[in-house]
Amino acid sequence: MGGSAQGLHAAEAARDIEHNINVFRSYLPGRSGAGSGPSAVASGESTREQLERAYRRPGAGIEERAGALLQLAAVDYGEWEVSAREELLARAIERCREAGRLLETSSDGPLRLVARSNLANALMSWVTRVGTSVDQHLTEAHGIIEELDASGQGPAVPGYAAVRSLVLSQIAFVRHQRTSDTGPLAEAEESLRRQSADQGPLHGIIGDRTRSVEAVLAEIRLRRDGRLQAGDEAVDILRNDGEASTDPAYLLNQSFALFRRHQVRGGAGEPASQDLYDALALASRATDLSGGGPLRANALRMSAHCLLDLARIRPQSAEPLFEEALDRITEALGGGTFNEREALLAGVTQAECRFGLAAVRRDLPGLEAAAVQLAALDGQLPAGSANRSVLLAQVFRVRLAKAQISGAPDDEARATEAAKHACDAAAEFSPAVEHSTARAWGDWAWSRGALLEAAEAYRHGLSALHHLSRVQVTRGDKKSVLSRADGMGARAAYAFAESGMLGRSVVAVESGRALMLTEALERRAADLDRLRQAGRSDLADAFRAAAAEVASTDAELLADWSTDSGAGVGAGVEADAGTPTGTGRDATRAARVRDRFDAVVARIRDSVGLESFLPPPSYGELARTVRESGTHVVYLLATDRGGVALSLPATGNARPLRIPLPSLTTSVQDGLVADWRDALDTPDEEEREAKCDAVADRLWTDVMAPVLRRLRGVAKVSLTAVGGLGLLPLHAARRPDPTAPTGHRYVIDDLAVSYQPNVRALGAARAIRSRTGRNHTLLTVQEPEPVPTHDPMPSAKWEISLARQHFPSGTGTSLSGSEATREAVLAALPHASVQHFVCHGTVVDGSPLDGGLVMARGRLLTVRDVLRLASRDARLALLPTCRTGALDEAVLDEAAGMPSAFLQGGYAGVMATGWDADGWVCSLITDRFYTHWLGDGLEPEQALRQAQIWVRDSTNAEKYAAYPQLPALAPESGEEAGPWASARQDASTFCWAVLSFHGC
């Protein structure tokens, strides 16, 4: 009777798949709720004996015997997890098969489904851990799931949906591993998403394994696309709701996820380093808990990886860390428990450890041995393996280290060849590896003076950078990726220019500029007419819908912040505290939106005749944009080898012009920036103005003199100032001229100057300008109140009064004082084509998106708000307030700040200030600007030029005669004649040059 009861209990328990898989976790050493060592094994043996008796009991029914077999299979499976003895897993598989055969004629359909489901799960464990008979087991496991789906009985069995999802995702993952085809990954992710939507979160070992598969899929996306959010997603998936897991396999997965995030987040800085330390601790804990077998070996390999990176971060302790890493990976390989694929990857890790030690010891034979070992392992990789790019990148780094130590031409040639192979392989499988390899290769070639080689390397790097930037979900992640460019575009452009390849030089510098802005503009200005003319209106509509969805999620992500009191924004200034704080789920959802957009673009490019949809920049396209704009464009850049200007003519089919700037090295550029900042920070007014003028003198000598000599006869120029040059008032560069009213002649005396993030932004601004016409409506925002801790603005009412005189009476919108709230201004923006702000502004160093214009009650209209504006066409935004032209200096080549934000929001032009402005000077400049723009019909940059020249050159008496109503211009008693009247109080660069024009 007892045997029968045990058998019936086994049959009943076996009907719950999730219970069946979890039941013997308690017999595994170190698991929750269990003992360890001999007592646990004895308990397991006691259960095994009871189940064996139940299975063999004379007269036992089919269901009873099958249930006992399934529970015995669970015992075998649990012991296999601890010992990694293949015969135990093979026995579990056979027991499940036998249980299924016994139940073929049984009326207990659910129990047979359990047997078949468990068999599929065990088969996939064999495939993923043992790695033999892969095709046979994959086919059998997939056939089982198809069979159970066809029966229609699966959903009635507890836990079936979870096992189904797990098995299908594992099948897809293995197929991807073998072929590098991304199709199975999409299938796996879709299966897991359906499971999550239908069943909710899973628990127990099925939950752990499902989350592990989800995390691995996220990590594959991270490696394949370089999307940083995928690394965060993998870590979040494996957090286990804050509970500390005791499953060594789960701990190992957590360790790997943290390690990968550490690598892609830069490998330096507190957050990245903490990820590395946590990954090492988890790998060590997994090693201690795993007992033995392949799980322990993989935990040791993971520890070795962490130690390798720790050695790179802590060079003072590198040698002992490399030695410890080598000891751990050698122990892992010595156990003989790796499958073929794992053994190969462990061999790569071992070679990396030997490379690290040899490099530290400057051991040339050791470096050669590491290179030979890696090359041999490369020969063992299957064709098309995604791991090849990582391995070849490591071969290059070994060859590079040897070449740098030896300096031998043969070693240099081998390193160059290895770099080319690594970049070519990574271009197909891993843009992040391509970028890091290209950067190292390019910098090395640059240091040797091999400029053409450096240019080729940087071309690879810029191509990868384009991809990496586009796939990121959040603006912060884009910024993180782009910050790694660090002068790469400038070096590539210089190298191509010095080699006589001017078209490639132009493309190189354009490719490294304002990528976030360009991406947004491309989505809005894509040539959808071309699709419709090709008879693919369906694709045009799909693109428009997908682009709108991306824009919407981008706007939501920009709102993912909150602050209680505007801390970090400025005293008395409050950021918007009413917006929701974002979560990882927001970014994950946004990633899916991006994936859908990319899929639409791929469908378009797969269509005949549309392969070049949304192409990367080409010289022909850029030259055509410049000609259509009618504006001469000049790129200006500095490198440690000197600078160069690249001039694109606005007329005819002239080729680009190279203008050498030999004295403009990066050190000279940095010195100019430092001296300019020092000048602006000088408290004494007279000394400040003298320092600013001294910098303007050097800007002429070091930067602008050669440019203007080659641009004689050009009426206007648009400057794209690369790197730190973007922080300097290049339009104010000057040289002595005794015939000039001020004794100096400035750049704007020869031609009008505007600034552009890049040529593609100029093209977008030109298109907007053509749609806005010349009949404009005005929105003015005048000194919002109250604004605690900020000084009154006595010039504000006069500036707005002067501005409104240039527009038809009674038109437009005027907001001032307490009416100029953030909400009111945001509501009014879409209804005005010209917007003029006279208010305080604030810049948040290190977080430029959170700076902006101070509205009533101290609320900020931030750069973030402007970026969230719906796409629209507006002619001009005038921002003559404090530092509205400030840039994000962490990514200077992105030209990220308020001007580019307005350009992205659909404005053709923006007038902004480079430093804290004098309100009365801005009042005069903006009034004269309106006169020349709206009254005389000049283009905005020409109108600003004329306004600035008048303010600079006019005497105090002339200003007062022109504006007797402005109290600040009136002379003090007794000053009407003499020195005051003939003085030019605004002649300093600090005064008149504060405003600059951006756009078209």
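Predicted model: local features only at pLDDT ≥ 70, side-chain atom pairs only at ≥ 80, totals over all residues.
How many salt bridges does a search of the whole structure find? The search finds 64 salt bridges.

**Stop 1**

Please select Arg592 and Glu233, whose side chains meet in a salt bridge with an N to O distance of 3.0 Å. The two partners are 359 residues apart, and the pair links distant parts of the chain. Arg592 belongs to helix α28, which covers residues 584–605, while Glu233 belongs to helix α11, which covers residues 228–237. Are these side chains buried or exposed? Arg592 is buried, its relative accessible area being 16%, and Glu233 is also buried, at 11%. Both receive that label because buried means under 20% relative accessible area.

**Stop 2: a pair within one helix**

Next, select helix α19, residues 409–429, and display Asp411 and Arg414. A salt bridge joins Asp411 to Arg414, and the closest N and O atoms are 3.3 Å apart. Because Asp411 and Arg414 are 3 residues apart in this helix, about one helical turn separates them. Asp411 is buried, with 7% relative accessibility, whereas Arg414 is partly exposed, with a relative accessible area of 41%.

**Stop 3: a pair with two partly exposed partners**

Now select Asp750 and Arg745. Their side chains form a salt bridge, 3.0 Å from N to O. Asp750 is partly exposed at a relative accessible area of 29%, and Arg745 is likewise partly exposed at 29%.

**Stop 4: a network of charges**

Which residues are linked in a network of salt bridges? To view the network, select Arg48, Glu52, Arg56, Asp76, Glu79, Arg91 and Arg95.

**Stop 5: a patch of negative charge**

Turn next to Asp684, Glu685, Glu686 and Asp918, which gather on the surface in a patch of negative charge. Within this group, Asp684 sits in the loop that runs between α30 (666–680) and α31 (685–710). Asp684 is partly exposed, with a relative accessible area of 41%.

**Stop 6: cysteines**

How many disulfides does the structure hold? The structure holds 0 disulfides. In general terms, a disulfide is a covalent bond between the sulfur atoms of two cysteines. Two cysteines may be selected here. Cys306 is buried, with a relative accessible area of 1%, and Cys423 is buried as well, at 0% relative accessibility.

**Stop 7: features of the backbone**

Select Glu785 and Pro786 and show the backbone atoms. A cis peptide bond joins Glu785 to Pro786, with omega at about -10°. Pro786 is placed in the loop between β8 (778–784) and α34 (796–804).

Proceed to Ala514, a residue other than glycine with a positive phi, near 50°. Ala514 occupies the loop between α24 (502–511) and α25 (515–525). Ala514 counts as buried, its relative accessibility being 0%.

Arg857 also has a positive phi, near 60°, and is a residue other than glycine. To find Arg857, look in the loop between β12 (852–854) and β13 (860–862).

**Stop 8: two pairs of C-alpha atoms**

For the last stop, show the C-alpha atoms of Leu826 and Val866. These residues are 40 residues apart along the chain, and their C-alpha atoms are separated by 8.9 Å. Leu826 is part of helix α35, residues 822–828, and counts as partly exposed at 23% relative accessibility.

Finally, select Trp980 and Thr955. Along the chain they are 25 residues apart, and 8.5 Å separates their C-alpha atoms. Where does Trp980 lie? Trp980 lies in helix α41, which spans residues 979–982. With a relative accessibility of 15%, Trp980 counts as buried.

Note on methods. Residues numbered from 1 in each chain as written. Heavy atoms only, no water. Disulfide = S-S within 2.5 Å. Buried < 20%, exposed > 50% of the residue type's maximum accessible area, 1.4 Å probe, protein only. Patch = residues over 30% accessible without salt bridge, like charges linked within 9 Å, V, L, I, M, F, W, Y side chains within 5 Å. Areas by Shrake-Rupley, 256 points an atom, 1.4 Å probe, with all protein chains shown as cover. Salt bridge = Lys/Arg side-chain N within 4 Å of Asp/Glu carboxyl O. Lys, Arg positive; Asp, Glu negative; His and termini not counted. Charge placed at Lys NZ, Arg CZ, Asp CG, Glu CD. Helix = DSSP H or I, 4+ residues; strand = E, 2+ residues; numbered from the N terminus.
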